[in-house]
Amino acid sequence: MTKEQWLTDLREFLADDHVKMDEPLHLHTLTKMGGPADIFVTPTTEDETAFAVKYAYKNNIPLLLLGNGSNMVVRDGGFRGIVLTLKSLEAIRIDGTHVYAQGGANIKKVSKIVAAKQLTGFEFACGIPGSIGGAMAMNAGAYGGEIKDIIKQATVLSKEGEKLVLSKEDLALGYRKSIITKKGFYVLSAEFELEVGKQTVIDAKMSELTYQRESKQPLEFPSAGSVFKRPPGNFAGKLIQESGLQGRGFGGAEVSTKHAGFIVNKNNASANDYIQTIEMVKAAVQEKFGIDLELEVKIVGEDLT
């Protein structure tokens with residue numbers, strides 16, 4: 001089958017403008033890098049999402065879930081297969097202390113909405129870039145909080161397109177990992193359980209965490225966020241800084257001078273520039289400290305030929 005056939009088949013169930021061919025992925029990633037996707041699908045319902053997943057599975061077509069394009073580096077040659085984004089599945093509903101959010105909802109937006117409803121427990125996420133689905137998959141966390149502290153259950157699709165409801169225990173949430181990443185599930189929605197708090201305390205905490213993030217992280221440049229996982233008993237940024245790597249890189253990519261744990265797209269970097277900079281950092285830290293830094297970002301796609 002050709003990508004033209006995929007386009008025709010998917011447009012039988014989804015609106016034409018929600019299925020595109022040769023869509024540039026740099027338009028959809030926070031790094032502002034990445035070549036074209038053969039097919040780019042933006043479903044607007046859970047049924048459309050299930051259709052796209054089942055179609056890819058039945059026809060043995062590689063399928064990539066993009067989320068909102070954070071925490072990911074797409075190579076310059078793009079992706080051969082179907083790229084799925086759930087950014088149109090962004091409904092948020094609050095029922096007492098229970099919060100329901102679809103997989104494509106922006107996690108920062110959710111944190112602000114629940115804070116305005118005097119609910120506490122979600123403040124840690126006020127500066128995390130990404131979708132609810134991506135945050136679930138990676139058990140996203142910051143400033144002492146993480147998804148596993150507040151999650152009750154999630155509804156996911158299997159690779160075969162089967163809908164499953166997973167409890168907190170089923171999700172097996174750990175440091176930057178979950179059953180979602182292990183099994184390749186696609187998050188349709190999540191239910192969180194929060195507590196009623198004091199508005200002034202919630203607002204003060206949100207303001208403080210926002211200040212910490214904005215003052216310490218290089219948000220003025222495109223990036224994939226924190227590139228490496230935290231090594232046991234240490235910090236990736238500290239090891240990189242002590243290796244003298246800040247300000248160094250390849251092409252338009254550079255280890256941030258503001259926070260060494262970030263690699264930024266400072267000047268129209270290619271994905272190859274970014275990946276070369278990652279490899280430089282890994283090699284230098286390994287040589288100086290004997291520590292093999294593990295990637296937190298996901299590198300996908302094909303190199304330019």
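The following is a conversation about how the terms used for this predicted model are decided.

Reader: What should I know about the model before we start?
Author: It is a predicted model, in which local features need pLDDT of at least 70, side-chain atom pairs count only at pLDDT 80 or more, and totals for chains, interfaces and linings use all residues. Residues are numbered from 1 along each chain as its sequence is written, and side-chain values use heavy atoms, with hydrogens and water left out.

Reader: Why is Q217 called buried?
Author: Buried means under 20% relative accessible area, exposed means over 50%, and partly exposed is in between (1.4 Å probe, protein chains only). Q217 has a relative accessible area of 11%, so it is buried. Its place is the loop between α7 (199-216) and β15 (223-226).

Reader: What touches Q217?
Author: Contact means heavy atoms within 4.5 Å. Leaving aside neighbours within four places in sequence, Q217 is in contact with Y143, K258, H259 and F262.

Reader: Is S131 buried or exposed, and how do you know?
Author: S131 has a relative accessible area of 6%, so it is buried. S131 lies in the loop between β8 (119-120) and α4. Not counting residues up to four places away in sequence, S131 touches G67, N68, G103, G104, A105 and I107.

Reader: What makes a stretch a helix or a strand?
Author: Both are DSSP runs, numbered from the N terminus: helices are H or I with at least four residues, strands are E with at least two. Strand β5, for instance, covers residues 79-84.

Reader: Why is β5 called largely enclosed?
Author: Five of its six residues are buried, so the rest of the structure largely encloses β5.

Reader: How do you know which strands β5 pairs with?
Author: Two strands pair if DSSP finds at least two bridges between them. Strand β2 (residues 36-41) and β5 have four bridges, in the parallel sense. Strand β3 (residues 63-65) and β5 have three, also parallel. L65 stands opposite L84 in β5.

Reader: What makes β1 and β3 edge strands?
Author: Four strands form an open sheet in the order β1-β2-β5-β3, with mixed pairing. β1 and β3 each have a single partner strand, so one side of each is left without a neighbour in the sheet. The twist averages 35° from one strand to the next.

Reader: How do you know the angle between helices α1 and α2?
Author: Axes are lines fitted to C-alpha atoms, for helices over the stretch in contact, and angles run from 0 to 180 degrees between N-to-C directions. Helix α1 (residues 3-10) and helix α2 (residues 46-58) pack at about 145°, with axes 11 Å apart. The contact is made by Q5, W6, D9 and L10 of α1 with F51, A52 and Y55 of α2.

Reader: What covers the buried residues of α1?
Author: Those buried residues are W6, L7, D9 and L10. Their cover includes β1 (19-24), β2, α2 and β5. As for α2, it lies across β2, β3 and β5, running at about 155° to β5.

Reader: What makes a set of residues a nonpolar core?
Author: A nonpolar core is a set of buried Ala, Val, Leu, Ile, Met, Phe, Trp, Tyr and Cys residues joined through side-chain atoms within 4.5 Å. The largest has 32 residues, and those with the most contacts inside it are F122, I132, M136, I147, L171 and F192. Its largest share, four residues, comes from α4. Apart from it lies another core of 23 residues, among them A224, V255, I263 and V281.
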